[in-house]
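The tour goes from the whole chain to single residues, one selection at a time.

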Amino acid sequence: MRILLLGGSSFLGRAFASEALARGHEVTTFNRGRSNADLPGVEIVRGERDSADDLARLVEGRHWDAVVDTSAQQPAQTVISARLLREHADHYTFVSSVHAFADWPGQVVNEESPLHPCPADTPADQPFSNALKAGCERAVLEHFGAGRTLILNSGLLIGPYENGGRLPWWLERMARGGPVLAPGDPERAMQVIDVRDFAAFGIGVVTAGRTGRYITTAPAGNITFGEFLTTCREVVGEPSDGRPRAELVWVEDGPLLAEGPDSVQPWLELPLWAPDMPEMAAVWLADTTRAQEAGLRCRPFAETARDTWAWLQQREPAEDTNADGLKGRKGAHHLQGIVPAKEQRLLAALGTTDAG
């Protein structure tokens with residue numbers, strides 16, 4: 001097949017490009033060329049997806065069997081691409097998110113769950129919100145047509161080349177060794193998917209010509225938070241500079257959420273920590289039955305952790321981006337991780353060590 005990737009060089013787009021090339025498809029990528037290098041073997045077209053002129057140049061004289069849109073964040077972006085591509089492509093896959101569902105993460109969602117009320121004609125350059133993905137979905141459906149559109153609602157993606165900094169932060173924190181603040185309940189079930197498994201499923205349903213919607217993440221409960229952190233610790237092993245090996249120090253949700261200067265922000269300061277509270281009750285419970293029946297398969301987390309750690313070893317060094325000790329990397333979308341001094345205060349006040 002001839003496949004156009006809107007994006008195609010960073011994390012999810014890279015995974016789609018790699019999977020499509022491995023299956024022998026012809027791949028065109030359309031991006032600005034600012035984040036990461038495109039994979040060898042793809043046809044590269046540079047441009048801004050917000051620009052109708054750039055997209056018109058992209059489609060001139062070209063036709064694709066399928067488009068996979070991994071990069072749209074604003075409905076206005078999606079309107080432009082769907083309008084211009086509808087005469088130049090047979091099928092449009094939009095990678096959305098479980099964020100598009102109005103009831104998530106407080107309630108279990110499936111493919112029929114209501115979306116946030118964000119219209120397709122939402123003005124450009126809106127501040128980030130979960131609702132924007134719902135508007136992007138409506139834009140594709142309205143301008144490309146439901147009969148030729150596939151929507152993949154992604155769950156939490158992890159793996160090599162991750163640019164959200166969640167799994168990489170935990171791996172690098174384990175590598176620093178010593179007591180590690182482990183928040184909440186170690187038995188809390190999670191639902192994380194390797195980006196390569198997401199892309200393999202995506203290319204499979206694209207080439208099969210599927211339409212409609214699939215919630216695409218790992219089955220609920222495929223790993224617990226305790227298993228997640230323990231695996232990260234085991235994968236990293238002993239620090240190379242003689243420091244003591246990482247030790248998990250479990251602290252219940254309540255003290256970490258208590259008001260005060262050492263209150264901890266869930267998800268951001270301690271990545272993937274979802275406290276036991278009503279508004280996050282179903283964060284790891286999205287219904288993936290339809291995707292599993294369509295062929296979704298997920299590798300063991302230990303494989304993802306090993307491969308991500310191997311990638312981290314050859315990635316460029318972290319750059320200091322915060323005077324308090326947080327670090328970011330080129331191409332990262334978010335700062336993740338608790339300030340070391342704050343972690344040490346909490347460990348001293350609340351922690352009892354469990355080596356896991």
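## The whole chain

Start with everything selected: of the chain's 356 residues, 53% count as buried. Keep in mind that this is a predicted model. Switch to a cartoon view, where the chain shows eleven helices and 18 strands. The radius of gyration is 21 Å, close to the 21 Å that the globule rule gives for 356 residues, so the chain is as compact as a globular protein of that length. Along the principal axes, the C-alpha atoms fill a box of roughly 65 × 40 × 40 Å.

## Helix α1

Next, select residues 12–22, which form helix α1. Which residues of this helix are buried? They are Leu12, Gly13, Ala15, Phe16, Ala17, Glu19 and Ala20. To read such a list, recall that an α-helix has 3.6 residues a turn, so residues three or four places apart point the same way. Then step on to Gly24, which follows α1 and has a positive phi, near 90°.

## Helix α7

Select residues 225–236, helix α7, and find Leu229 in it. Is Leu229 buried or exposed? Leu229 counts as buried because its relative accessibility is 0%, and the cut-off for buried is under 20%.

## Salt bridges

The structure holds 18 salt bridges.

Select Arg2 and Asp65, whose side chains meet in a salt bridge with an N to O distance of 3.5 Å. This pair links distant parts of the chain, 63 residues apart: Arg2 is in strand β1 (residues 2–6), and Asp65 is in the loop between α2 (52–59) and β4 (66–69). Arg2 is partly exposed, with a relative accessible area of 37%.

Move to Asp69 and Arg49, another salt bridge, at 2.7 Å from N to O. Asp69 lies in strand β4 and Arg49 in the loop between β3 (43–46) and α2, so this bridge ties together parts that are 20 residues apart in sequence. Asp69 is buried at a relative accessible area of 0%, and Arg49 counts as buried at 10%.

What does Asp262 form with Arg345? The two form a salt bridge, and their closest N and O atoms are 2.8 Å apart. Asp262 sits in the loop between α8 (253–257) and β14 (266–267), while Arg345 sits in helix α11 (residues 340–350), so the pair ties together parts that are 83 residues apart in sequence. Asp262 is partly exposed, with a relative accessible area of 22%, and Arg345 also counts as partly exposed, at 44%.

## A charged patch

For the last stop, show the surface and colour Asp185, Glu187, Glu227, Glu252 and Asp276, which form a negative surface patch. Where does Asp185 lie? Asp185 is in the loop between β8 (179–183) and β9 (189–190). With 43% relative accessibility, Asp185 counts as partly exposed.

Key:
Residues numbered from 1 in each chain as written. Predicted model: local features only at pLDDT ≥ 70, side-chain atom pairs only at ≥ 80, totals over all residues. Heavy atoms only, no water. Patch = residues over 30% accessible without salt bridge, like charges linked within 9 Å, V, L, I, M, F, W, Y side chains within 5 Å. Areas by Shrake-Rupley, 256 points an atom, 1.4 Å probe, with all protein chains shown as cover. Salt bridge = Lys/Arg side-chain N within 4 Å of Asp/Glu carboxyl O. Lys, Arg positive; Asp, Glu negative; His and termini not counted. Charge placed at Lys NZ, Arg CZ, Asp CG, Glu CD. Helix = DSSP H or I, 4+ residues; strand = E, 2+ residues; numbered from the N terminus. Buried < 20%, exposed > 50% of the residue type's maximum accessible area, 1.4 Å probe, protein only. Rg over C-alpha atoms; globule rule 2.2 N^0.38 Å.
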